[in-house]
Amino acid sequence: MQFHIENMTCFGCARSVTKAIQSVDKGAVIKADPENRKIEVETSAFRTDIEAVLAEAGYPATREAA
């Protein structure tokens with residue numbers, strides 16, 4: 001899954017995003033690119049669960065094309 005996270009502007013933000021996703025799936029593989037405000041997630045969790053937890057953490061995400 002790929003997401004665009006407009007307010008993920010630094011690696012501190014990326015750590016917060018990573019922690020939020022791992023609260024849903026501890027085994028998720030996350031590749032963050034704060035410079036381009038993108039994140040790629042390999043997870044067994046549902047996309048809607050990831051989107052919800054990101055919004056709760058203050059990092060609402062929009063979907064990126066695969």
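This is a predicted model: local features need pLDDT of at least 70, side-chain atom pairs count only at pLDDT 80 or more; totals for chains, interfaces and linings use all residues.
1. His4 is buried, since its relative accessible area of 19% falls under the 20% cut-off. Its side chain makes a polar contact, at 2.8 Å, with the side chain of Glu6.

2. Who else is around His4? Setting aside residues up to four places away in sequence, His4 touches Asn36, Arg37, Lys38, Pro60, Ala61, Thr62 and Glu64. One of these, Lys38, stands opposite His4 in β3.

3. Now zoom out to the sheet. Four strands make it up, in the order β2-β3-β1-β4, and the sheet is open with antiparallel pairing. At the edges are β2 (29-33) and β4 (62-63), each of which pairs on one side only. As a reminder, strands of a sheet pair through backbone hydrogen bonds, either parallel or antiparallel.

4. Strand β1 has a partner on either side in that order. With β3, the antiparallel pairing runs over three bridges. With β4, β1 (residues 2-4) is joined by two bridges, again antiparallel. Look for Phe3 here: Arg63 in β4 stands opposite Phe3.

5. Helix α1 (residues 11-22) touches β2 and β3 (38-42), and its direction makes about 155° with that of β2. Helix α2 (residues 47-56) touches β1 and β4, with its direction at about 30° to that of β1.

6. Next, the β2 and β3 pair. Five bridges link these two strands in the antiparallel sense, and Ile30 has Val41 in β3 as its bridge partner. Together β2 and β3 form a hairpin with four residues between them. In the turn, Arg37 has a positive phi of about 60°.

7. Which residues of β3 lie on its covered face, and which on the uncovered one? Ile39 and Val41 are on the covered face, while Lys38, Glu40 and Glu42 are on the uncovered face.

8. Back to α2 for a closer look. Its buried residues are Ile50, Glu51, Val53 and Leu54. Viewed down the axis of α2, these buried residues fall within an arc of 170°, so they line one face of the helix. The buried residues of α2 pack against β1, α1 and β4. Just after α2 comes Gly58, which takes a positive phi of about 90°.

9. What about the nonpolar core? The largest one has 18 residues, and those touching the most other members are Phe3, Ile5, Val17, Ile21, Ile39, Val41 and Leu54. At least two residues of this core come from each of α1, β3 and α2. The biggest contributor is α1, which gives five residues.

10. Finally, take Ile5 as a way into that core. Leaving out its neighbours within four places in sequence, Ile5 is in contact with Val17, Arg37, Ile39, Leu54, Tyr59, Pro60 and Ala61. Val17, Ile39 and Leu54 are also among the core residues that touch the most other members.

Technical notes:
Residues are numbered from 1 along each chain as its sequence is written. Side-chain values use heavy atoms; hydrogens and water are left out. Two strands pair if DSSP finds at least two bridges between them. Contact means heavy atoms within 4.5 Å. Axes are lines fitted to C-alpha atoms, for helices over the stretch in contact, and angles run from 0 to 180 degrees between N-to-C directions. Buried means under 20% relative accessible area, exposed over 50%, partly exposed in between (1.4 Å probe, protein chains only). The arc is that of the directions from the helix axis to the C-beta atoms. A nonpolar core is a set of buried Ala, Val, Leu, Ile, Met, Phe, Trp, Tyr and Cys residues joined through side-chain atoms within 4.5 Å. A polar contact is a pair of N or O atoms within 3.5 Å; within protein, one must be able to donate a hydrogen and the other to accept it, and residues adjacent in sequence count only if both atoms are side-chain atoms.
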